[in-house]
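Visitor: I am new to this structure. Please show me how to read its features.

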Amino acid sequence: MIRRDAARVVGCITNFAISYAFTLVAFLAIDFLWLAWLAKPIYTAEMGALLRQEPNYGAAAAFYLLYAGGLVFFAVSPALKSDSVLQA
């Protein structure tokens with residue numbers, strides 16, 4: 001009984017880790033495209049004086065790690081458990 005429970009816990013952790021990794025990579029790729037090419041001219045024209053010369057990488061890393069975790073916890077995991085994208 002204990003081995004079966006341990007295997008289930010390890011399976012849940014593995015599923016969460018894989019979901020988290022794929023979500024983080026996808027989110028970073030999409031956001032990089034948005035910030036680097038698509039929205040950069042708009043942001044520069046509209047908020048040029050407010051933009052920093054060098055981004056705050058620590059704050060960005062914390063945001064992306066937490067946001068990806070929230071996406072997995074609130075959207076990806078429920079969708080995988082119910083086996084339906086409509087659940088997300």
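Predicted model: local features only at pLDDT ≥ 70, side-chain atom pairs only at ≥ 80, totals over all residues.

Visitor: How is empty space found?

Guide: Rolling a probe the size of a water molecule over the atoms shows where empty space is left. A pocket is an open set of points on a 1 Å grid over the protein atoms alone, where a 1.4 Å probe fits, with protein on both sides within 12 Å along at least five of seven lines. Lining residues have an atom within 4 Å of a point. A volume is the space filled by probe spheres set on the points, which are joined across faces, edges and corners.

Visitor: How much space lies in the largest pocket?

Guide: The largest pocket holds about 790 Å³. It is lined by 21 residues, and L35, L51, P55, N56 and Y64 are the closest to its centre. Helix 1, helix 2 (40-47) and helix 3 each give two or more residues to this lining. Helices are DSSP runs (H or I, at least four residues), numbered from the N terminus.

Visitor: Which classes make up the lining of the largest pocket?

Guide: Sort the residues first. Ala, Val, Leu, Ile, Met, Phe, Trp, Tyr, Cys and Pro count as nonpolar, Asp, Glu, Lys and Arg as charged, and the others, Gly among them, as polar. Here the lining has 13 nonpolar, 4 polar and 4 charged residues.

Visitor: Which residues line the second largest pocket?

Guide: They are C12, N15, F16, S19, V72, F73, S77, L80 and K81. The space is about 210 Å³. Helix 1 and helix 3 each supply at least two lining residues. Helix 3 gives the most, with 5. By class, there are 5 nonpolar, 3 polar and 1 charged residues.

Visitor: Is F73 buried or exposed?

Guide: Buried means under 20% relative accessible area, exposed over 50%, and partly exposed in between (1.4 Å probe, protein chains only). F73 counts as exposed because its relative accessibility is 53%. F73 is in helix 3. S19 is 54 residues from F73 in sequence, yet the two are 9.5 Å apart in space, C-alpha to C-alpha.

Visitor: Where do I18 and F74 lie?

Guide: I18 is in helix 1, and F74 is in helix 3. I18 counts as partly exposed, because its relative accessibility is 43%. Its C-alpha atom is 9.9 Å from that of V72, 54 residues away along the chain. F74 is exposed, at 65% relative accessibility. F74 and Q87 are 13 residues apart in sequence and 10.0 Å apart in space, C-alpha to C-alpha.

Visitor: Which residues form the nonpolar patch on the surface?

Guide: A nonpolar patch joins side chains of Val, Leu, Ile, Met, Phe, Trp or Tyr within 5 Å, from residues with over 30% relative accessible area and no salt bridge. A salt bridge is a side-chain nitrogen of Lys or Arg within 4 Å of a carboxyl oxygen of Asp or Glu. Here F32, L33, W34, L35, W37 and L38 form the patch, with about 670 Å² of accessible area together. Accessible areas come from the Shrake-Rupley method with a 1.4 Å probe, and for residues only the protein chains shown count as cover. F32 is in helix 1 (residues 2-38).

Visitor: What is the phi of D83?

Guide: D83 has a positive phi of about 60°, although it is not a glycine. D83 is in the segment after helix 3. Its relative accessible area is 71%, so D83 is exposed.

Technical notes:
Residues numbered from 1 in each chain as written. Heavy atoms only, no water. Patch = residues over 30% accessible without salt bridge, like charges linked within 9 Å, V, L, I, M, F, W, Y side chains within 5 Å.
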